[in-house]
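Subject: Structure handover

Hello,

Here is the structure I promised to pass on. My notes follow below it.

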Amino acid sequence: MLSNKQIFAIHRWLGLIGGAFILLIAITGTLLLFASEIDAVRIAPDGQRKGYESLLQEVQRRHSGAKPLSWRLYSQEPNRAVRAEMLLDGERWWLYVNPYTGATVKSVRREEAFVRRVLELHEHLLLGFTGHVIMGLVGLSLLGSAVTGFVYYRRFVFQVFRTGVRWRKNSYIVNSDLHKLLGVSA
């Protein structure tokens, strides 16, 4: 049987590990909320927008052998380039196409696009299957932190709601109360 001191030490280590990953996930998740704005390539509207078929023909003329995978037309945003995901020489490319002229404004290998890399960092730490395993272990550490926190604070776990946060005390007590209240609530 583990002592309360040992349980608290395990709780702190698991919380530290989980907290570091929560911070990473929060930062990358925030960036992903603005992915559309970050990814946008702006152009000057000029005349009438070309239709999908016309843009596809123009892209295939300029990039021989290009096979379309997906298109983001952004028809409600007149100053934004269309993003075409194309297969070129066996690789996926994001081609940003001027919807008025059909000219390719910018091209990026999909795997190298900033937004795509942030998503991969968010989901699996840029490590593929290994990253999924690590994130699974982090999830288990968070679960372990919750269990050890409940065991350590079991005698007064529901008293936390009655006590609340003692705002007029020193910062240690305020932080401790916040920690307990958030931990029990979670």
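**Aromatic residues**

Tyr153 counts as buried, at 13% relative accessibility. Here buried means under 20% relative accessible area, exposed means over 50%, and partly exposed lies in between (1.4 Å probe, protein chains only). Please note that this is a predicted model: local features need pLDDT of at least 70, side-chain atom pairs count only at pLDDT 80 or more, and totals for chains, interfaces and linings use all residues. Residues are numbered from 1 along each chain as its sequence is written, and side-chain values use heavy atoms, with hydrogens and water left out.

Tyr153 pairs with Phe156. The geometry is edge-to-face, with 5.7 Å centre to centre and 75° between the planes. Rings of Phe, Tyr and Trp (its six-membered ring) pair if their centres lie within 6.5 Å; planes under 30 degrees apart are stacked, over 60 edge-to-face, and the rest tilted. Phe156 is partly exposed, at 27% relative accessible area. Both residues belong to one aromatic cluster, together with Phe8 and Tyr152.

The structure holds four aromatic pairs. Another one joins Tyr52 and Trp71: the ring centres are 5.3 Å apart and the planes stand at 85°, so this pair is edge-to-face too. Tyr52 lies in helix α3 (residues 52–62) and Trp71 in strand β1 (residues 67–72), so the contact ties together parts that are 19 residues apart in sequence. Helices (H or I, at least four residues) and strands (E, at least two) are DSSP runs, numbered from the N terminus. Trp71 is buried at 17% relative accessibility. Tyr52 is partly exposed at 32%.

**Charges over rings**

Two arginines are worth a look. The charged end of Arg80 sits over the ring of Tyr74, 3.7 Å from its centre. The charged end of Arg83 sits over the ring of Trp94, 3.8 Å from its centre. The test is NZ of Lys or CZ of Arg within 6 Å of the ring centre and within 35 degrees of the ring normal.

**The sheet**

Four strands form an open sheet in the order β1-β2-β3-β4, with antiparallel pairing. β1 and β4 (104–109) are at the edges with a single partner strand each, so one side of each has no neighbour in the sheet. The twist averages 25° from one strand to the next. Strands pair if DSSP finds at least two bridges between them.

- β1 and β2 are joined by five bridges. Lys67 stands opposite Leu87 in β2.
- β2 and β3 (residues 91–97) share seven bridges. Glu85 stands opposite Trp94 in β3.
- β3 and β4 pair over five bridges. Val108 in β4 is the bridge partner of Trp94.

Strand β2 (residues 82–88) is mostly covered: six of its seven residues are buried. The hairpin of β2 and β3 has two residues between the strands, and Asp89 takes a positive phi near 50° there.

**Helix packing**

How do α1 and α4 pack? Helix α1 (residues 4–33) meets helix α4 (residues 114–124) at an angle of about 150°, and their axes are 9 Å apart. Axes are lines fitted to C-alpha atoms, for helices over the stretch in contact, and angles run from 0 to 180 degrees between N-to-C directions. α1 and α4 are therefore roughly antiparallel (over 145 degrees; under 35 is roughly parallel, 65 to 115 roughly perpendicular, the rest oblique).

Best wishes
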